[in-house]
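Here's a quick tour for anyone meeting this structure for the first time. Have a look at it, then read on for the main points.

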Amino acid sequence: MKIKFVSNGLSGEVNQVQLGANAINPAYFFLKAYYHLHGHNPDVQWLPCDFLMLDPVDVQLAKIVDQQPDLVGLSVYVWNEEIQYYLAKEIKAKLPNCVIVLGGPQLVAHKDPEYFIKYPYVDYVCYGDGEEAFQQLIDKISGYLSADAELVNMVENSKEGYKLWPLKILSDELYLSTSSFLIQKQEVMDSINRLIDRGVPKNQIIMAIEFARGCMYKCSFCDWSQNLTKKVKRRTHDWKAELDFFKEIDITLRETDANFGQWPQDLEIFDYGSSLYDPTKNFKLRIHNTPKLKKEITYYLQMTQTLLHGFRIHVALQDINDRVLRNIDRPSISWADQKELLTRMHNELPDDKKHLLGIQVISGLPGQTYDSIVDMLVECASVGVRQIAQGVWVYLDNSPASDKFYQRTHKLEWIDAYFLVDKELSINQLETLYKELSTGVADPRVWTKLKIVKKSSSMGLKDLMKAQLFMQYFNENLEIGVTDLAETKKIINQQVIQEIDSSYQIHEPLIDKYNIVLFTRVNDNNLSTIHAN
């Protein structure tokens, strides 16, 4: 039995701009390790995983068909949903006996009895933890599990129709105490070498690594664990040996935990990973998601890795207004405490690293306005912040914000948006692109498609675009070290209003006609607006 797993993580230009590295989804190694521990079919052949989008979709499709898999598993995330469904449909058309299995946080089959009417070419959808579900499915379709055996965490497109199998939270102690990487070292090394052979530089590969699974919080914008559980399950494997292995093969790591630093052992892991650092090598342990309510832990983790590796400090604020934070059910220390934290970081960073002090905010949240976002960015800059990552609020089907009552309460509307990274278009190209993108599959190596907030009770799409453009220009000024923030705000605000007023007139009829929006730079008569980072 041949199994093909397709992660299709972002790579190339889009990924480098957004993430700074080619992030490797470890799900393939997790599923394969669990099957090694609990599976029954000795003749399973795991074909090489497609971790990244390295080929045009039709080239990738042809390669998969040539491999003649019996089962194809596709990971579906917000950035690759459209391309994964396209592959699923085309693979089923060309290989009708191939079993198509989808999994990932973007999927809603467990909530939608009409899912397989919309996607009849999909055979199974995994929801929740995938390890046991995938093992059971492989054994069942290959005859090593009885035909009437019950599955877990699966939605089945059965002959009788829609079949929802029960949810089971991962609790297998043998698996949790086993390193998925250490029991398949050769496969890990072979996978990395295949990427390098395809032209992915080794120093731009970052392996995602898990120490704890789940998040105890329920932020409205987030779909962590598909919001099926708020319990956190920690792995009990030999993490020291795991870090030693990645140092040996010289690959950078990034945690996938929601709140790394929440538990005392996290600091042991971080300190050990930091002790392994060699400035002449690639290996580093990079922490991105620090605990939301532990200011001193966040300070220690962020400052240590910035001073050691030169990483940008990443403090995820989302907003600083208490009312906005309540609207999104976001746990946070007070702005006074956040301000003290950022000020201390700025004061203690050496001059050559002060530019690395960064925050993350989200624009379009209920309660925000264009003016409140501008004031927030200026206030953060006043305490030393020099990099601001402002993401537009993206709709996730399994987030609390998908609740209809929540959407009615905050008068939320959404729209499909296409982001073209670091390219310019002339005005006469726009309508053709709007038409093509509204009817076809966009190349994810060029475009990123996201469903974003179009309107809330306090903000519309035009103001959202203004906020994005203000942030872009404001960041450019922070990079050159502006000191008069009030005057900078005034100048940029005037420029943003003028540019958006001009360019929105061009985009608005196309937005209304095609019900999508293009976030790109228009290069014609200096109308260089509607651009997002």
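This is a predicted model: local features need pLDDT of at least 70, side-chain atom pairs count only at pLDDT 80 or more; totals for chains, interfaces and linings use all residues.

**Starting inside the sheet**

A23 has I206 in β10 as its bridge partner. Residues are numbered from 1 along each chain as its sequence is written, and side-chain values use heavy atoms, with hydrogens and water left out.

**The parallel sheet**

- Four strands make up an open, parallel sheet, in the order β2-β10-β13-β14.
- At its edges sit β2 (22-24) and β14 (285-286), each pairing on one side only.
- Two strands count as paired if DSSP finds at least two bridges between them.
- β2 and β10 run parallel and are joined by three bridges.
- On to β13 (residues 252-255): β10 (residues 205-209) pairs with this strand over four bridges, again in the parallel sense, and M207 has L253 as its bridge partner there.

**What's tucked away**

- Five of the five residues of β10 are buried, so the strand is largely enclosed by the rest of the structure; buried means under 20% relative accessible area, exposed over 50%, and partly exposed in between (1.4 Å probe, protein chains only).
- In a regular strand, side chains alternate between the two faces of the sheet.
- In β10, I205, M207 and I209 are buried on one side, and I206 and A208 are buried on the other.
- Helix α6 (residues 131-141) is mostly covered too, with ten of its eleven residues buried; among them are F134, L137 and I138.

- Most residues other than glycine have a negative phi.
- Q226 isn't a glycine, yet its phi is positive, about 55°; this residue lies in the loop between β11 (212-213) and β12 (233-234) and is buried at 7% relative accessible area.
- N515, also not a glycine, has a positive phi of about 55° and sits in the loop between α18 (485-514) and β20 (516-522).

- The protein chain averages a pLDDT (the predictor's confidence in each residue, from 0 to 100) of 92, and 94% of the residues score at least 70.
- Residues 12-19 stay under 50, with 21 contacts (heavy atoms within 4.5 Å) beyond four places in sequence.
- Residues 524-533 are also below 50, with 36 contacts beyond near neighbours in sequence.

Technical notes. Helices (H or I, at least four residues) and strands (E, at least two) are DSSP runs, numbered from the N terminus.
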